[in-house]
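Student: Could we go through this model together? I would like to know what stands behind each label.
Tutor: Gladly, let's take the labels one by one.

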There are 2 protein chains.
Amino acid sequence: MTTSKPDATVLRTFAPERHDHRRCVSTALSKADAACTASGLRLTPLRRRVLELVWGSHTPVKAYDLLAILGRERHQAAPPTVYRALDFLQEAGLVHRLASMNAFVGCGEPGGTHAGQFLICSGCGTVAELAEPGLSKTIAASAERLGFEVVRETIEIEGVCADCRRSKPRTGRGAASTAAK
Amino acid sequence: MTTSKPDATVLRTFAPERHDHRRCVSTALSKADAACTASGLRLTPLRRRVLELVWGSHTPVKAYDLLAILGRERHQAAPPTVYRALDFLQEAGLVHRLASMNAFVGCGEPGGTHAGQFLICSGCGTVAELAEPGLSKTIAASAERLGFEVVRETIEIEGVCADCRRSKPRTGRGAASTAAK
DNA sequence: AGTAAGCTTGTTAGATGATAACATCAAATA
DNA sequence: TATTTGATGTTATCATCTAACAAGCTTACT
């Protein structure tokens, strides 16, 4: 699920347990088509397929997972194939790379290349993308005081999403059930 | 340069051009000794040496650079040697890993395992570590609204530090001097 | 001291992540 | 059509990180 939320700062919400994810994918692809057409970028079949695969997963996707899938589909696929497609998609603002986990997620609001702010749930692995102006503003203010000019922000917050907190509530001191291991 | 700054939110400042960095290193090692003694952790010769090497560089250090140095010193050193030491130092709160560049920096204020907020200068490569409560608070507020429980923050801001801005001032549209490559 | 337990390091091997360099092919343009 | 540019194929390699087991040290207890 990604669009038409009242809260404009949430570009991509955590994936709810039940939803027709195919619609997310097709919506994302349509947006991508439009965005590329508008800016004169070439969303080739390969690039489009990679984008589709990235969106196809609820959770961030690793480059080599994509590579494995492409390898099955195309009889041949080497790392550069996938990395080049991902590079293009990143520059086009269609996917984001999560540095803290070396993985990629579809961008909920393609268009301008914007800084991503991500909440990553360690329970279900899904990711929410925010665009909190307040956050960027606070960072800019801190940087300003040191005379630092901000170019790129990497903000990735790991934690537990609301759904996972409900299904695996925390006890007072350490979880009891899944404590082993 | 790392300590005794009036601004308590700056845990580690950008390295000034001229300073006796050996003092930074020895200060950091003393702090580490004290912290480990206090918390019953074993700062073995190997771990201490790795910490020293990390601090020895003004800029974030790559694991394989450490490995190369250790290899020269010890006649043998394999990746696990260095990664294990780094893991220990991270958990002890003595170094931070910068996910956006796969590198490590000494922590300016060891002790509790705190979230790092980093300003990374792409000019000189040096890093400042902040602890802006306002920033964490803003993040917590955004997370709160989504019912998200924050566990770990990865905040890495890339840009240009004050010194580098002075020495390579930006022109109106694109730098002229160092534009080629 | 003896010795068992647990932590630390050595060692080998390999998984995973990413890029360089050059060849080939397709699309856009002159 | 010829030329140029961009996209993809291909091979090779580098960089980052981890698993698994062996060996050595410390610690704590008898």
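Tutor: Rings of Phe, Tyr and Trp pair if their centres lie within 6.5 Å, and planes under 30 degrees apart count as stacked. In this predicted model, the count by that rule comes to 4 aromatic pairs over all chains.

Student: Why is the pair of Phe148(A) and Phe14(B) called stacked?
Tutor: The ring centres are 5.5 Å apart and the planes stand at 5 degrees; the limits are 6.5 Å and 30 degrees, so the pair is stacked. This pair crosses between chains, from the loop between α5 (133-145) and β6 (149-160) of chain A to the loop between β1 (10-12) and α1 (21-39) of chain B.

Student: How do you know whether Phe148(A) is buried or exposed?
Tutor: Buried means under 20% relative accessible area. Phe148(A) has 3%, so Phe148(A) is buried. Phe14(B), at 13%, counts as buried too.

Student: What makes Arg47(A) sit over the ring of Phe88(A)?
Tutor: A charge sits over a ring if CZ of Arg is within 6 Å of the ring centre and within 35 degrees of the ring normal. The charged end of Arg47(A) is 3.9 Å from the centre of the Phe88(A) ring. In chain B, Arg47(B) lies over the face of Phe88(B), at 3.9 Å from the ring centre.

Note on methods
Residues numbered from 1 in each chain as written. Chains lettered and ligands numbered in written order. Predicted model: local features only at pLDDT ≥ 70, side-chain atom pairs only at ≥ 80, totals over all residues. Heavy atoms only, no water. Phe/Tyr/Trp six-rings, centres within 6.5 Å; stacked < 30°, edge-to-face > 60°. Helix = DSSP H or I, 4+ residues; strand = E, 2+ residues; numbered from the N terminus. Buried < 20%, exposed > 50% of the residue type's maximum accessible area, 1.4 Å probe, protein only.
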